[in-house]
Amino acid sequence: MLKYVRVMKEGDLPIGKSVVVTAKGEDIALFNYKGKYFAVANKCLHKGSPLAEGRIEEGVIICPNHEWRYDIKTGECSQNPYMKTVVYPVKVHKDGVYIGIEIKDDKKALKNMFNLLKDGGFLILLVPVFDFLYGEIDKSIGHFRRYEKNELQKNRRRSNTKSIH
């Protein structure tokens with residue numbers, strides 16, 4: 001479910017500038033490019049550098065550290081066509097600039113995963129214990145979520161599924 005979160009007053013970010021905003025716990029690079037607002041995940045997929053500190057040339061965000069390039073509208077990475085940074089929808093109203101954030105429903109997601117299984121099939125969830133086990137790409141797209149053991153068990157029970165240890 002998409003929810004729009006107000007991140008600043010309209011007009012607070014001058015044309016050609018960028019800023020890091022936080023919406024629902026996510027750091028987002030917000031750009032005012034030629035009078036239009038664009039928002040992407042603030043971490044470069046290469047080494048995690050802050051994209052808000054980069055520059056824009058002809059609609060392309062250029063990472064400040066290693067010059068990886070991302071299309072400001074699509075998030076596509078020119079260095080690797082299989083990589084794409086997260087692009088957030090932006091709405092501007094007279095009272096502010098709003099960024100669309102996907103609200104995740106863990107219970108629904110687990111239930112949907114199990115519904116895709118064939119009868120007798122198994123779903124294997126690998127949950128790394130330490131942050132360093134996650135890759136920079138996973139971190140930048142928010143692909144991971146930390147769970148305490150009891151929270152994961154509670155979500156599994158609510159999704160009406162079995163656990164094998």
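I count a contact when heavy atoms lie within 4.5 Å. The model is predicted, so I keep the source's limits: local features need pLDDT of at least 70, side-chain atom pairs count only at pLDDT 80 or more, and totals for chains, interfaces and linings use all residues. Residues are numbered from 1 along each chain as its sequence is written, and side-chain values use heavy atoms, with hydrogens and water left out.

**Confidence**

I checked pLDDT, the predictor's confidence in each residue, from 0 to 100. The chain averages 80. A score of at least 70 is reached by 65% of the residues. Over residues 139–144, pLDDT stays under 50. For that stretch the model has 14 contacts beyond four places in sequence.

**Sheet with S2**

I took strands as DSSP runs of E, at least two residues long, numbered from the N terminus. I call two strands paired if DSSP finds at least two bridges between them. An open sheet of 4 strands has the order S2-S3-S4-S8, with antiparallel pairing. Strand S2 (18–23) and strand S8 (87–88) are its edge strands, each pairing on one side only. I then looked at S3 (residues 26–33) and S4 (residues 36–41): 6 bridges join these antiparallel strands.

**Asn32**

I found Asn32 in strand S3. Opposite Asn32 stands Tyr37 in S4. Is Asn32 buried or exposed? I use buried for under 20% relative accessible area, exposed for over 50% and partly exposed in between, with a 1.4 Å probe and protein chains only. Asn32 has a relative accessible area of 5%, so Asn32 is buried. Leaving aside neighbours within four places in sequence, I listed the contacts of Asn32: Leu13, Pro14, Ile15, Gly16, Lys17 and Tyr37.

**Sheet with S5**

I moved to an open sheet of 3 strands, antiparallel, in the order S5-S6-S7. S5 (55–57) and S7 (69–71) each have a single partner strand, so one side of each lacks a neighbour in the sheet. Neighbouring strands here are turned by 30° against each other on average, direction ignored. The axes are lines fitted to C-alpha atoms, and angles run from 0 to 180 degrees between N-to-C directions. S5 and strand S6 (residues 60–62) run antiparallel and are joined by 3 bridges. I noted that Arg55 has Ile62 in S6 as its bridge partner.

**Thr85**

Where is Thr85? I found Thr85 in the loop between S7 and S8. Thr85 counts as buried because its relative accessibility is 3%. Not counting residues up to four places away in sequence, Thr85 touches Val40, Ala41, Lys43, Leu45, Tyr70, Thr74 and Gly75.
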